[in-house]
Amino acid sequence: MKKTSLLSIFLFFAFTNVFANGVIIDKSKTNSYVRLTNSTIHANVENQVAIVTTSQTFLNTIKDSLKVRYAFPLPEGASAIKLRFKLQGKWYFASFSATPQDTSQGGGGGGGGATDAKLSAYLGLNPLYYTIDSALRFDSAITVELTYVELLKYKFGNVFYNYPNNYSTLQTALINSIEFKFNLISSRNIINASLNSHIATQFLVTTNAALIKYNAIETTLTNNFAVSYSLDLTQLGISSLSTYTPDSVQKDSYGRGFFALVAEPNPTATTVINKVFTLIVDKSGSMSVENRMTNAKEAAKYIVNNLNLGDKFNIISFESTVTSFRPRHVNYTNNSRDSSLLFINNFSANGGTNISGAFDAAVPQFSTADTSTANIII
């Protein structure tokens with residue numbers, strides 16, 4: 001038997017939401033926020049994966065012993081990996097857990113009370129909330145630093161980074177300073193890069209790296225930070241977007257941060273290679289959150305509907321147990337397509353997460369595949 005080449009592709013989807021600087025909320029009064037005085041945004045990007053560290057300093061001009069909450073409009077496709085705050089010269093670190101967060105906004109907002117419509121609109125669909133346990137003294141400052149990971153938008157060689165920076169709905173007063181730094185390292189050649197929203201104070205682009213900076217003092221925050229860069233379209237193929245985050249609190253069992261793999265075919269290619277294809281779908285209980293199961297089913301149906309005659313395919317779903325559409329790969333026909341769509345429509349989210357069992361079922365099914373086909377697991 002010929003040597004089998006098997007490509008496993010893990011897909012995760014990122015959706016950009018309106019997000020910006022964090023806000024410190026006065027818990028005792030609706031529509032009351034602690035004054036923002038300084039802001040820094042540092043985005044370190046490796047290929048398409050950004051690790052963003054955003055830090056803001058706030059000054060209490062409201063009253064003594066103020067009880068506050070921190071909120072940040074996190075992008076829907078992003079994961080927070082670190083949060084700390086500095087109060088009276090000392091840093092305090094937040095812990096992350098799987099328990100639902102307290103989404104009350106203060107002043108009776110949230111938790112069944114009246115909500116702050118202006119704040120809700122600012123925070124968007126995926127806010128992060130954190131209660132500061134220590135009281136904030138009058139005329140004293142607090143600095144909050146948040147780090148999160150985000151997969152940037154990409155289309156035909158163009159990558160887009162967006163950090164909406166319009167704080168004017170929450171504060172009209174000037175801030176003392178703002179610093180924005182975008183640092184890019186790319187395995188593919190960078191054709192061009194630009195800061196589309198501001199006049200950069202420092203700008204440097206080389207073949208595989210870019211550095212963009214912007215600084216201002218005594219200013220208002222009204223313009224979004226928007227960066228775009230273009231990559232060489234002759235350097236397509238498979239690229240690994242793995243990144244090690246040594247200070248991450250969300251490590252895998254090997255102590256690393258996260259991994260993504262992008263497979264991008266040449267758009268000018270005319271030869272279509274027959275595929276031996278397996279789609280693995282997670283339908284565990286965690287998929288019941290928001291629209292995950294609906295999105296997974298729609299993506300699965302899209303893929304099935306776009307296979308070609310000559311392809312072979314199978315679908316494996318998993319929760320606590322593993323279920324295979326067919327015992328082995330079947331030829332793609334109108335009948336097998338329609339049967340598989342019915343199989344997908346019956347997915348529902350429940351049970352555990354037996355992903356290893358899904359791969360135990362999927363990989364042996366490729367024993368008859370060879371290098372004349374594209375052998376793919378998604």
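This is a predicted model: local features need pLDDT of at least 70, side-chain atom pairs count only at pLDDT 80 or more; totals for chains, interfaces and linings use all residues.
Visitor: Let us begin with one residue. Where is serine 197 placed?

Guide: Serine 197 sits in the loop between β13 (190–195) and β14 (202–205).

Visitor: Which residues is serine 197 in contact with, leaving aside neighbours within four places in sequence?

Guide: Asn224, Phe225 and Ala226. Take asparagine 224: it is 27 residues from serine 197 in sequence, yet the C-alpha atoms are 6.5 Å apart in space. There is also a link to histidine 198, where a polar contact of 2.8 Å joins the two side chains.

Visitor: What about phi at aspartate 139?

Guide: Aspartate 139 has a positive phi of about 65° and is not a glycine. Its place is the loop between β8 (127–131) and β9 (141–151). At 52% relative accessibility, aspartate 139 counts as exposed, because the cut-off is over 50%.

Visitor: On to helices. At what angle do α2 and α3 pack?

Guide: Helix α2 (residues 292–305) and helix α3 (residues 334–345) pack at about 175°, with axes 10 Å apart. Angles over 145 degrees count as roughly antiparallel, so α2 is roughly antiparallel to α3.

Visitor: Which residues of α2 and α3 meet?

Guide: From α2 come Lys297, Ala300, Lys301, Val304 and Asn305; from α3 come Arg337, Ser340, Leu341, Ile344 and Asn345. This contact divides into 4 nonpolar, 3 polar and 3 charged residues.

Visitor: Last, the cores. What is the general idea?

Guide: In soluble globular proteins, nonpolar side chains tend to be buried together. Here the largest nonpolar core has 58 residues.

Visitor: Which members of that core touch the most other members?

Guide: Val23, Leu146, Tyr161, Phe180, Phe182 and Tyr229. Follow tyrosine 161. Beyond four places in sequence, the residues it touches include Ile41, Val52, Glu150, Phe180 and Phe182. Phe225 and Ala226 are also among the residues touched by tyrosine 161, and both are in contact with serine 197.

Visitor: How many residues are in the other core?

Guide: That core lies apart and has 19 residues, among them Val281, Met293, Phe313 and Ile344. Ile344 also belongs to the α3 side of the helix contact.

How values were computed: Residues are numbered from 1 along each chain as its sequence is written. Side-chain values use heavy atoms; hydrogens and water are left out. Helices (H or I, at least four residues) and strands (E, at least two) are DSSP runs, numbered from the N terminus. Contact means heavy atoms within 4.5 Å. A polar contact is a pair of N or O atoms within 3.5 Å; within protein, one must be able to donate a hydrogen and the other to accept it, and residues adjacent in sequence count only if both atoms are side-chain atoms. Buried means under 20% relative accessible area, exposed over 50%, partly exposed in between (1.4 Å probe, protein chains only). Axes are lines fitted to C-alpha atoms, for helices over the stretch in contact, and angles run from 0 to 180 degrees between N-to-C directions. Angles under 35 degrees count as roughly parallel, over 145 as roughly antiparallel, 65 to 115 as roughly perpendicular and the rest as oblique. Ala, Val, Leu, Ile, Met, Phe, Trp, Tyr, Cys and Pro count as nonpolar, Asp, Glu, Lys and Arg as charged, and the others, Gly among them, as polar. A nonpolar core is a set of buried Ala, Val, Leu, Ile, Met, Phe, Trp, Tyr and Cys residues joined through side-chain atoms within 4.5 Å.
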